[in-house]
Amino acid sequence: MTSPTASPGITRRQCLQGAAASLLPLTAKSAATDHITLRFSHVVAEETPKGLAAKHFKTLVELRSAGRIDVQLFPNAQLYGDHNEIQALQLGAVDMVAPSLSKFGRIGFPEFELFDLPFLFNKLSDVRRITQGPLGQRLLNGLRRQGLVGLGYFDNGFKQMSANRPLLQPADFAGLRMRVQASQVIAAQMRALGAQPVNLPFSETRRALATGVVDGTENPVSNFWTQRMHEVQSDLSLTDHGYLGYAVVSNQRFWLSLSVADRSLLDQALQEALAYGNTIADSQNDNALLALSAAGTTHVHSLNASQRARLRQAVEPVHSALTKRIGESWMQALQDALARSIPGKP
Ligand code: LMR
């Protein structure tokens, strides 16, 4: 289900701005003296791994360009939300976005949903086998099909489950309406647990939880805490059942309009900001968990090994059931990349 305001189109003014930008000849490269404004839009709070990485990027770029390149950040979906930020990027209404990897399937890149497979990664270093290897690069290169430039990946972390009851075993999910991102893999995961997935934009999730439109959700704790979901969910279960990460994406037309030197400055700053984001992601989630526990509104539940194994077993069929959607060759490449991560294996 999508709420009535879930998929607002781009306004006419924004379309015109985008159209005007798209009339720029590709040969009109920025010069070392040109003032450039780069609009970076995202949907989460500033004090999250993504918000802080974006701020770090802004600081580095403005410092290194001596203020010539102005990075304007638009957090909290204040300009665009999940359902239109990539469209806004394609139209040139913004220049950079960082959607979660789960949000590329619905715009024609179902192979990105491989990151959503439940219990796929045991630790963040497993994720690196994909994001820093040839498979990750191939995924980013594919974005060119829609005029997008994939510039890099970074982490939020592992997702936890929340509701107004503990979610420790499959039976606990029975009948719950769980808000999910627009990923068919995540929807299948919720169904496998006996819940009903409800696709809603991130910016509408807290209200939907507060009003009972949905009963629960999943996210890393930093997103849960900064959206104040703890005020409307009595229980948070530390399931670590899936990974949430991001890809930073620009518009090819904008990117190619930059001089080689500016592109390199931006790319270098971005790679450093993403590395910075990865170093703080864990501590942001840990700090959010401490703050949440101190707030005392939400019971935090750890799962024991057998509870986690039962959840894992319940969602196992999602891997084969969704192979067709993700693509057999992508799934094979995923297995190969993960197998290479096991010490002792060729
Ligand atoms: C969500 O929609 O749940 C998250 O992916 C939001 C984000 O970008 O972290």
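**Notes on the predicted model**

1. Arginine 138 sits over the face of tryptophan 330, 4.5 Å from the ring centre. The model is a predicted one, and this contact should be read with that in mind.

2. On the overall make-up, the chain holds 14 helices and eleven strands. Of its 346 residues, 56% are buried. Among contacts between residues at least 6 apart in sequence, 78% join residues at least 24 apart.

3. Helix 5 spans residues 134–142, and its buried residues are Leu135, Gly136, Leu139, Leu140 and Gly142. These residues lie on the same side of helix 5, because the arc they cover around the axis is only 160°. An α-helix has 3.6 residues a turn, so residues three or four places apart point the same way. The cover over the buried residues of helix 5 includes helix 4 (124–131), strand 4, strand 10 and helix 14 (328–339).

4. The aromatic pairs come next. A pair of aromatic rings is described by the distance of the centres and the angle of the planes. The count of such pairs comes to nine. In one of them, phenylalanine 40 and phenylalanine 57 have ring centres 6.1 Å apart and planes at 65°; the pair is edge-to-face because an angle over 60 degrees counts as such. Phenylalanine 40 belongs to strand 1 (residues 36–41) and phenylalanine 57 to helix 2 (residues 49–64), so the pair ties together parts that are 17 residues apart in sequence. Phenylalanine 40 has a relative accessibility of 3% and counts as buried. Phenylalanine 57 is buried as well, at 0%.

5. Phenylalanine 158 and tyrosine 243 form another edge-to-face pair, with 6.4 Å from centre to centre and 70° between the planes. This pair links distant parts of the chain, 85 residues apart: phenylalanine 158 is in strand 4 (residues 148–158) and tyrosine 243 in strand 10 (residues 243–251). Phenylalanine 158 counts as buried at 16% relative accessibility, and tyrosine 243 is buried with a relative accessible area of 2%. Both rings belong to a cluster in which ring pairs link Phe115, Phe121, Tyr153, Phe158 and Tyr243.

6. What is the strand order of the open sheet of six strands? The order is 7-6-8-5-9-11, and the pairing is mixed. Strand 7 (196–199) and strand 11 (299–302) are at the edges; each has a single partner strand, so one side of each is left without a neighbour in the sheet. Neighbouring strands are turned against each other by 25° on average, direction ignored.

7. Within this sheet, strand 5 (residues 160–163) pairs with strand 8 (residues 216–219) in the antiparallel sense, over three bridges. Serine 162 is opposite threonine 217 of strand 8. Strand 5 also runs antiparallel to strand 9, to which three bridges join it. Here alanine 163 has aspartate 235 of strand 9 as its bridge partner.

8. Strand 9 pairs with strand 11 in the parallel sense over four bridges, and serine 237 has histidine 301 of strand 11 as its bridge partner. In a regular strand the side chains alternate between the two faces of the sheet. In strand 9 (residues 235–238), Asp235 and Ser237 point one way, while Leu236 and Leu238 point the other way. All of these residues are buried.

9. Most residues other than glycine have a negative phi, and most peptide bonds are trans. Alanine 66, which is not a glycine, has a positive phi of about 50°. Alanine 66 lies in the loop between helix 2 and strand 2 (69–74) and counts as exposed at 71% relative accessibility. Alanine 77 also has a positive phi, of about 55°.

10. Is alanine 77 buried or exposed? Alanine 77 is buried, with a relative accessible area of 17%. Its place is in the loop between strand 2 and helix 3 (85–91).

How values were computed
Residues numbered from 1 in each chain as written. Predicted model: local features only at pLDDT ≥ 70, side-chain atom pairs only at ≥ 80, totals over all residues. Heavy atoms only, no water. Phe/Tyr/Trp six-rings, centres within 6.5 Å; stacked < 30°, edge-to-face > 60°. Helix = DSSP H or I, 4+ residues; strand = E, 2+ residues; numbered from the N terminus. Buried < 20%, exposed > 50% of the residue type's maximum accessible area, 1.4 Å probe, protein only. Lys NZ or Arg CZ within 6 Å of the ring centre and 35° of its normal. Pairing = 2+ DSSP bridges. Axes fitted to C-alpha atoms, helices over the stretch in contact; angles between N-to-C directions. Arc of directions from axis to C-beta. Contact = heavy atoms within 4.5 Å.
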